Amino acid sequence: MGSGGRMDCCGQCVKYSMFISNFVIFVGGAIVFGLGVWTMVDKNFINELLGTNLFSGAVYVLIATSALVCLLSFFGCIGAAKEYKCMLLTYFILIFMIFVTMLIGGILGYVFREKVSQTMQQEMRSSMTFYGAYGKRSITQAWDVTQERLECCGVKNYHDWSGTIPKSCCKKTYNDYKPCQDSPIPENIHIQGCLDITSNVIRDNAAVIGGAGIIVAILIIFGMIFSCALFRMIE
């Protein structure tokens with residue numbers, strides 16, 4: 001009888017622990033989801049200049065899995081509250097699969113972080129030749145938005161533009177673009193190149209999203225442990 005009481009008390013402890021861990025997992029998943037969506041919306045203009053789909057791929061993986069994590073955390077809470085072994089087992093299998101995916105997405109974010117400068121430099125230089133060309137509106141727009149928003153010009157500096165310097169390189173204080181385009185000086189043109197600025201922006205985002213994905217993956221381990229323990233305690 002005493003053993004049963006201890007088991008009941010232990011079972012309740014595990015149940016509440018599972019509730020708490022799933023709540024924390026839900027919050028973590030929601031944060032990663034929000035970060036992922038914000039990155040894709042806010043940094044979408046850079047995609048044409050990246051030269052790789054690795055970053056956007058990693059972000060999409062984390063958006064999808066974090067949304068599933070939020071749903072599954074509710075699923076885990078119901079399984080714990082109702083003490084359904086089948087539901088707990090299903091939760092464990094699904095959360096384990098998401099754990100692996102989330103971890104891979106987080107690691108991909110960090111891998112991309114190291115490759116970003118090299119791939120971007122090659123893509124930026126090759127895409128410059130298509131600036132303003134017919135049928136290449138997406139590249140032209142990517143360059144213009146990047147140069148305007150990040151206040152930069154060219155790859156390393158404005159000398160990278162062999163022809164006419166784009167208006168997006170000019171400082172916004174100048175409504176007349178001719179002085180900037182004909183005689184660029186620090187007072188009327190963005191001096192810094194876009195490669196370093198864009199690389200830093202993407203690296204910082206990759207670090208935040210990748211780190212958040214790895215943290216949520218670690219939190220999921222606790223959800224798996226408690227669901228497994230509760231599964232074994234339910235008769």
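With 95° about the S-S bond, the disulfide between C152 and C194 is right-handed. This pair connects distant parts of the chain, 42 residues apart: C152 sits in the loop between α5 and α6, and C194 in helix α7 (residues 194-233). The two sulfur atoms lie 2.1 Å apart, in keeping with the cut-off for a disulfide, a pair of cysteine sulfur atoms within 2.5 Å. Both C152 and C194 are buried, where buried means under 20% relative accessible area, exposed over 50%, and partly exposed in between (1.4 Å probe, protein chains only).

The model described here is predicted, so local features need pLDDT of at least 70 and side-chain atom pairs count only at pLDDT 80 or more, while totals for chains, interfaces and linings use all residues. Residues are numbered from 1 along each chain as its sequence is written, and side-chain values use heavy atoms, leaving out hydrogens and water.

The structure holds three disulfides. For readers new to the term, a disulfide is a covalent bond between the sulfur atoms of two cysteines. A second one joins C153 to C169, with an S to S distance of 2.1 Å, and at 85° about the S-S bond this link is right-handed. Both C153 and C169 lie in the loop between α5 and α6, so the pair ties together parts that are 16 residues apart in sequence. Both of these cysteines, C153 and C169, are buried.

The remaining disulfide is formed by C170 and C180, whose sulfur atoms are 2.0 Å apart. Here the angle about the S-S bond is -95°, and the link of C170 and C180 is left-handed. C170 lies in the loop between α5 and α6 and C180 in helix α6, so parts ten residues apart in sequence are tied together. C170 and C180 are both buried. When the bonded cysteines are numbered in sequence order, the pairing reads 1-6, 2-3, 4-5.

Turning to the overall fold, the protein chain has seven helices and zero strands; helices (H or I, at least four residues) and strands (E, at least two) are DSSP runs, numbered from the N terminus. Of its 235 residues, 43% count as buried. Among contacts (heavy atoms within 4.5 Å) between residues at least 6 apart in sequence, 74% join residues at least 24 apart.

Rings of Phe, Tyr and Trp (its six-membered ring) pair if their centres lie within 6.5 Å, and planes under 30 degrees apart count as stacked, over 60 as edge-to-face and the rest as tilted. The ring centres of Y131 and W161 are 5.0 Å apart with planes at 65°, so this pair is edge-to-face. Y131 lies in the loop between α4 (85-128) and α5 (137-149), and W161 in the loop between α5 and α6 (178-182), so the pair ties together parts that are 30 residues apart in sequence. Y131 is partly exposed at 24% relative accessibility, while W161 is buried at 8%. Together with W143, Y131 and W161 form one aromatic cluster.

Finally, how confident is the predictor? Confidence is given per residue as pLDDT, from 0 to 100. The protein chain averages 79, and 87% of the residues score at least 70. Confidence is lowest in helix α2 (residues 47-50), at a mean of 70, and highest in α5, at 87.

Key: pLDDT is the predictor's confidence in each residue, from 0 to 100.
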